[in-house]
Amino acid sequence: MDPIDISKVQPIIDRFVGKDVYIHLETTNGAYASHFNEKVFSAGAYIRNGKINYTRGKITGDGPYRAGLKMELGWIYAEGLTHWELDAKNRLLMAGHDTEGKLAVALQISETPFE
Amino acid sequence: MEKQVLVVFPHPDDEAFGVSGSIALHIENGTPVTYMCLTLGEMGRNMGNPPFANRESLPEVRKMELQEACKALGLEDLRMMGLRDKTIEFEDPEWLANEITKAIDELNPSLIITFYPGYSVHPDHEACGEAVIQAVKQMPASKRPKVECVAFSNDCVEKLGEPDVIRDVSNVQDKKIATIEAHKSQTAGLMAGMKKRLQANEEELMNWIKYERFWTYKFD
C-alpha cells in the first residue's frame, strides 16, 4: 500500500459511482486493547461484502484522510485513512494505520465479492 | 508418552508462544500431533510501516507463515479449518463442537491442547476453548482425553490457581524460537526486541521460553 494521494484515489472512487459494489468496512482498536490497559474502551465494527450503490464518493482531509460514499438512502464513511492500493483484482483498498503500522480502519470497494 | 496429540487454536501463532515447545517435544518423542487452526488470522492488525500487507493479502501471508511454523516443528498434520478471524463466537457452538468431535473420533487423541474458556482474553480463544470442552464433555468420562489449557487473562492465577503442568521445553527451545520467528508478520517487532535479551540469557525471558504452563481442565 502507498500513502494516500487524493489526486490518485479520487478518480478510482469515481470509477465505482452508479455500480453495484461490495464494501468492506471495519474499525478496530484490537482484541487485546482492554487486556493490556483496562482503561481502554474496546470498540469496533465490521461489514464484509455489503452490496451497495453510491451516487457520489469523496476523499478529503489533510491526512489522515476521510472518505464518504453517498447512497440513495444513506451514507458510508470512514476516517483515519492513511494508505491505499488498487490491487490486482481492481479493488480499491483504503486503510488507516497507526504509528506502529497497525490497522485501525479499512474501507474497501470492489465490483466482485471479497473472499 | 502420549499416543496422539490434538492441538486446537483459532489463529496462526496461537501455538507459537506458550505451546510450540510442547508440540516439538511430543513430535520428537514420536507422538503424532494434529493441529486444527480455525482461521487464518485474517483480521490481524499489524501491516507494518511501510505496510508489507493489506487486509486482503494478509490471509495468504499468514497461511504461509503457519505452514513455515509447522515445518519448523516437524508437524505434518495441519488442518486449516477455513473459519474467519473474530467470528468464531458468532458461529453455532453446537456445530463447532461437532467439528471437534469429528476430529476426536477420527484421531482418538490422548491429549488435547486448547485455550481455557473464560481465561483466554480474545473472544475467538474463548469460543475455541468452549467448543473443545463441550466436545470432550459429551464423551463418557472414562473415554475422555486429557485437556491441557492455556490461560493468560489477568485474573487466571487468582481464579484457577497456579498451573498444574509446567513442562521444561529447553531441549527444543531452538525449534520454539524458530516457530515464533516463522510468524514474521506478527512477531518481527517482538523478535527484534528479544534477540538481545536472548543473547544476554535474560532470566525472565529464558524462563518464558524454557517452561510452558498449562491448566488441566477439570470436568467435574
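Colleague: Before we start, what are the ground rules for numbering and confidence?

Modeller: Residues count from 1 along each chain as its sequence is written, and chains are lettered from A and ligands numbered from 1 in the order in which they are written. The model is predicted, so local features need pLDDT of at least 70, side-chain atom pairs count only at pLDDT 80 or more, and totals for chains, interfaces and linings use all residues.

Colleague: OK, what pattern does chain A follow along the sequence?

Modeller: Helices (H or I, at least four residues) and strands (E, at least two) are DSSP runs, numbered from the N terminus. On that basis chain A has 2 helices and 8 strands. Read in order, the pattern is β-α-β-α-β-β-β-β-β-β.

Colleague: And what is the radius of gyration of chain A?

Modeller: The radius is taken over C-alpha atoms, and the globule rule is 2.2 Å times the number of residues to the power 0.38. For 115 residues that rule gives 13 Å, and chain A comes close to it, so chain A is as compact as a globular protein of that length; its value is 14 Å.

Colleague: What radius of gyration does chain B have?

Modeller: Chain B holds 8 helices and 7 strands, and its C-alpha trace spans about 50 × 40 × 35 Å along the principal axes. A compact globule of 220 residues would sit near 17 Å, and chain B agrees with that at 17 Å.

Colleague: What share of the residues in chain B count as buried?

Modeller: Buried means that 20 or more other C-beta atoms lie within 10 Å of a residue's own; exposed means 12 or fewer, partly exposed is in between, and the C-beta atoms are placed from the backbone. In chain A, 30% of the 115 residues are buried. For the 220 residues of chain B the figure is 45%.

Colleague: In chain B, what percentage of contacts with a separation of 6 or more come from residues 24 or more positions apart?

Modeller: A contact here is two residues whose C-beta atoms, placed from the backbone, lie within 7 Å. In chain A, 50% of the contacts between residues at least 6 apart join residues at least 24 apart. For chain B the value is 80%.

Colleague: Is Lys86(B) buried or exposed?

Modeller: Lys86(B) is in the loop between strand 3 (77-80) and helix 3 (93-107) of chain B. Its phi is near 70°, positive although the residue is not glycine. With 21 C-beta neighbours inside 10 Å, Lys86(B) counts as buried.

Colleague: How many C-beta neighbours inside 10 Å does Val121(B) have?

Modeller: Val121(B), with a positive phi near 70°, lies in the loop between strand 4 (111-115) and helix 4 (123-137) of chain B. Val121(B) counts as partly exposed, because its neighbour count is 18.

Colleague: Last one: which residue just after helix 2 of chain B takes a positive phi?

Modeller: Helix 2 has buried residues including Leu58(B), Val61(B) and Leu73(B), and their cover includes helix 1 (16-28) and helix 7 (184-199) of chain B. Just after helix 2, phi is about 75° at Gly74(B).
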